[in-house]
Amino acid sequence: FADYVLWSKHGKPLAVVEAKRTSRDAQVGRHQAELYAINLEKQFGQKPNIFLTNGYDIEFYDWQYPIRKVQGYYTQDELELNIQRRTSKIRLQEIDINKNITDRYYQIEAIKSVAERMQTNFRGALLVMATGTGKTRTAASLIEVFAKANWAKRILFLADRTALVKQAKDNLNDYLPNIPSVNLLQEKEDQTSRLVFSTYQTMINLIDKEVEGTQRKYGVGHFDLVIFDEIHRSVYNKYKAVFNYFDAYKIGLTATPKDTADKNTYELFELSEGNPTYNYDLDRAVEDHYLVPYKSYSVSTHFQRDGIKYSELSDEEKREYEEKFGDPETGEIPDEIDASALDSWIYNTD
């Protein structure tokens, strides 16, 4: 029989765990585990999910998506919800898009593009939308669609700065007043919270450090949907661990043009370079009269143009000038520093 079987509170099989030696590939036991699961279904009327492990890697198969590597095991409640969704999920395309949140044609196209991709057994999507075209509104509509279709009960919204987290929460609270939310930078999550806001750093700390007994604060299956704001500059180096940790549907938002975003951004979502799930760039937004073209101005400071004259400085600036440019041995200071000398002092070849 299987190495382990995880059971529900009502005596139904939730998951088969098939363990192999560390020297073997975790997937070696897949066929065997599938047979166990099918036999359990015949006996108990419920087909359990499958975990395959060799002690290092853990792979998860839920009979809905291709087998995938995960960072840990689902809890009992998370497994029950996963199995329940086999029959309770509605097609994303069947949910009406809330025109009170998103009523522009490209926002609706973006939402439909994400729905179509997720409906074809992908678990990630990337939206490239110019600043000012309503990425947060589009995210709010997507959250509502996922929630109404029973694809997502708990949602995590990540941004890389405290101000952006607060701004996103304020906006999404206006768009989604019926979904209880919490900002982890200001308060702790409770059982009623469904929409959680955090910076990447705060979430990493919660994953790495905050342990309740032997249980992490957040398990890999805690969130059903994770939205990554400004994904192009956030999920690299140590922050990529957040992306990999949660086994959830993942949506990346960025304003970076599709032809300048790093190819790794596309790879995160299993997309080919330069081909996001949906793109609405600055040129199209200007053409549609939703944005106006930018104007550039060349600006230089007084010091850059004319250099620094000691006699023209305030008393406080004179003290700073003396500290920076005075001869440490004689105490002598130059009467002035011309613009070219200032450039040489500030800039170097590198």
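**View 1. Lining of the largest pocket.** The largest pocket has 22 lining residues, and those nearest its centre are Arg68, Arg123, Lys250, Leu268 and Glu270. A pocket is an open set of points on a 1 Å grid over the protein atoms alone, where a 1.4 Å probe fits, with protein on both sides within 12 Å along at least five of seven lines; lining residues have an atom within 4 Å of a point. The model is predicted, with local features needing pLDDT of at least 70 and side-chain atom pairs counting only at pLDDT 80 or more, while totals for linings use all residues. Residues are numbered from 1 along each chain as its sequence is written, and side-chain values use heavy atoms, without hydrogens and water. The volume of the largest pocket is about 580 Å³, taken as the space filled by probe spheres set on the points.

**View 2. Elements around the largest pocket.** At least two lining residues each come from strand S5 (68–70), helix H8 (240–245) and helix H9 (263–268). H8 gives the largest share, three residues. By class, the lining holds nine nonpolar, five polar and eight charged residues.

**View 3. Crossing of H4 and H5.** The axes of helix H4 (residues 135–148) and helix H5 (residues 162–175) come within 10 Å and cross at roughly 50°. The crossing of H4 past H5 is right-handed.

**View 4. Contact of H4 with H5.** On the H4 side, Thr136, Arg137, Ala140 and Ile143 meet Asn171, Leu172 and Tyr175 of H5, contact meaning heavy atoms within 4.5 Å. Four of these residues are nonpolar, two polar and one charged.

Technical notes. Helices (H or I, at least four residues) and strands (E, at least two) are DSSP runs, numbered from the N terminus. Ala, Val, Leu, Ile, Met, Phe, Trp, Tyr, Cys and Pro count as nonpolar, Asp, Glu, Lys and Arg as charged, and the others, Gly among them, as polar. Axes are lines fitted to C-alpha atoms, for helices over the stretch in contact, and angles run from 0 to 180 degrees between N-to-C directions. A crossing is left-handed if the near helix is turned anticlockwise from the far one by less than a right angle, and right-handed if clockwise.
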